[in-house]
Each structure stands twice: as structure tokens, then as C-alpha cells.
Amino acid sequence: PEYTRSPSFFFCRALQHTVMKFKTCCINWHMARAPILTLDLGHEPSRLATGGGDNFIRIWKISENGDVEFLSALKQHTQPVNCVRFSPDGNKLCSAGDDGAIILWQLDELPPQTTGLVDDDLADNKERWKPLRTFAGSTKGVYSISWSPQSHYIISGALDNSVTIWDARVGSSTRDKVEELNDHRHFVQGVSWDPLNQFIASLSSDQSCLVYKRATQQQTRSTFGKGHITIKVLPQNLWEAYSKHSKEKEPEEEVVLVEGEGNAANTEEEGEKKENDKVAPIKMFLDENVNTFFRRLDWSPDGNLLFVPCGSFGKDPVTRLPQYTTYVMSRAKLNQPIAHIPTKGKPSVVVRTNPLLYKLKETGQSPLFDLPYRMIYAIGTTDSVCLYSTESMKPIAILEDIHYAAISDLSWSKDGK
């Protein structure tokens, strides 16, 4: 895509209530016209990592008033950096890029190098980061990475259609590659590790989301069986419910909750329907023609919900354009959605959940999901960010018309603010 203005990062600070305060802090230190493709906030709320088309990872410090200070440039990738993620324990940073490399970084206690530099971009470094390990993730590039809850392993999704688990423990005697899963038929553009350490999920441009269950409970290994749950086709009962809702009301940024168990297409009642009354299978996810490189899915912090972007629930009967949505899966039943969140006009490309659990508001109404607390999550489309709570069907806030280029990643600070 063409970037007509300098690529930027915007930092938003949400207050405790529905009122929102934000400041558009532009980071323009990535090379001119090179997009910022990924970002992540570290354990320290003030520390931010960004990666982009200039092959660099850059570390920043964000003050309470929104000012941004450059800390360090990390130079090891030879092609654009697609994903950066701090480890859950806060000790390491992982990066992945188009060069196929997955690199583990750690902040060094030594001062930054000031002489003998091979790149002028490193001359302004205020701290030193050292590469600990490098994995050969793929010969065709890696789009997505995710840490295991204990920071022992990393899962990656690559352009060779593979999902791979890597041993990220420094000094580990085991081989680097723990397991490679090759069940997708096209690019794997998003991966996410269950915070309860039982599942891993992947999303591909082959229009499927696969969920693998851990095959062993031993803490020294992280092996996932070849058997998996495939999320691909919308069950007919849900399609009928979603279609009815979209006819009654124009799709907006509003959660649509569907009750009922099982797939109606497999019930006796469905079997008795006439052949010409059956609805053709509706593929839940967009194909490779969607205008994004990434499909970043995410688990809720309690592990009960899986949010899957780049969804579709058929075509608009008038415009014949896809009706974009984000699907919500329940841990108790991962093979079909329990809700979906339509997005107007543009597909969702990333979902990131706030890491904290919040008290329910005393509204006198039952929460949307039957949980004793509420969770906050953000959905990013290519041109907007919508904030939601699991307590309500309406968005908390919608941020749009403030970005220079397509949105490709989101991140919450570890303190949830």
C-alpha cells in the first residue's frame, strides 16, 4: 500500500469510566515511507517496542503525559519486522520478520556501544539489547508469534503455512524446534497461546481457524497433538440467527449474541427440512484477497473467550459485499461462535484484550456474558479501533480518522490503562 504521509504510532490512555482521554503521539523515527507493522508494550508501562518496514526494532519510553523518548534501535533482521512481543515474565523480547528469523532479545546491563558502529541508526542508543537466540522460523517469512504463559515457549505462524512451537529457554538442552504443525493450506497470519496453557490457536488465509489441545500436562514439555478443532463453516442455525438480526437492523459495531447448543444442520429437525430450503455453507473467514497481512487473534486474560478477527457472515443482499465481523468463541465449545461483533465497511485485523479483570458495574442489568467480572478488549480494523466490554453489547469507544495508514497491530499496557 502507498503511505502518503509519515507512518505513525498513536498512544491512547483510557480512564476508568466511559470517558476517554487520548493524545496522538506520533513516532516518525522509522525510516521514511517504511510502515510500522507491529508494536507491544512491556511489563513497565512506559516501555514500548515497535517494528517495521525498515528492518529495525526500536524501543521507546512513554511518559505519563504522553511524551515519547527514543531508547534503542535493534538491528539484526534483514527484512521487515512483522511482530514483536515481550515475554509474560518481562525479561525478554521476541521478534519475527520477513527474513524468516525469530530472535530473542534481552536488555543488557552494559552501556550502549558508541564506537565502531556499522549503522548510524545505532549511534543514538541509550541502552543496549543483546540477541540471545535466533530460530530459523521459515524460509518464506514469519507473520505472527505468541509466548506461552510461563515464557518457556514461543509459537509462530509463517508464510510456509506452518505453525511451529519453539523452546525459548536460554541454556535449554532440548532442540530449538519442539513441534511443527502443517494443517493449514495457506499463510498463517495469526497465532495465540491460551493463558491457561491448554490450547494454541492459529488463523490462516485459507479461511480457517485451528485450535490445538495440549497433549501432555508435563511442565517440561509443550507438545500438542495432531488432532485439532477446525473453525471454518458457520452452522446453519447461527447463520439464520445472524441473518435475521442483520435484516432487522443495519450492522453496526454491536455484539450479536446467539443462544442455543450444537449445529442445527446435524439435528433430526434439520434432516427433515426440504433439500431446497437448505442454506449453502457460509465460510466464517475472509480469503487471501483481504487487504491485510495480519489476522491477529487473542484469548481473554481468563482464557474463557477466544476473539477471532477477519470474519465474515455472508454478503450484503444489496451491495453483495462481505459483511465483516469478529467472532467470539467460548472455551467450553470452541467449534462454533457464541457471539460476533460486526464492523462497518472494513475487516477487523487485530484483537487485543486488556490483561486485567474488572468489577461488574451496578447497572441492574445482566451482563452480556455470564461472568462474575468484566473484561475489556479492543478490535482494530484497517482504519479504526473499537473498545468493548464483555458486560455490554455497545462499544465503550470508537477511535477513527486519526491514522495515516492502515492499522496492523494493537497493544495494552500491563497495568490495563
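What percentage of the chain's contacts between residues at least 6 apart in sequence join residues at least 24 apart? The share is 57%, where a contact means heavy atoms within 4.5 Å.

**View 1. The whole chain, a predicted model.** Two helices and 29 strands make up the secondary structure; these are DSSP runs numbered from the N terminus, with at least four residues (H or I) for a helix and at least two (E) for a strand. Of the 417 residues, 53% are buried, that is, under 20% relative accessible area with a 1.4 Å probe, protein chains only.

**View 2. An open sheet of four strands.** Here the order is E7-E8-E9-E10, with antiparallel pairing; two strands pair if DSSP finds at least two bridges between them. Strands E7 (81-86) and E10 (128-136) form the edges, each pairing on one side only. E7 joins E8 (residues 93-97) through five bridges, and Phe86 sits opposite Leu93 of E8.

**View 3. Two loop residues with positive phi.** Most residues other than glycine have a negative phi. Ser151, in the loop between E11 (142-147) and E12 (153-158), has a positive phi of about 65°. This serine is buried, at 3% relative accessible area. Gln207 lies in the loop between E16 (199-204) and E17 (208-214), with phi near 70°. Gln207 is buried as well, at 16% relative accessibility.

**Notes for all views.** Residues are numbered from 1 along each chain as its sequence is written, and side-chain values use heavy atoms, leaving out hydrogens and water. In this predicted model, local features need pLDDT of at least 70 and side-chain atom pairs count only at pLDDT 80 or more, while totals for chains, interfaces and linings use all residues.

Technical notes:
Buried < 20%, exposed > 50% of the residue type's maximum accessible area, 1.4 Å probe, protein only.
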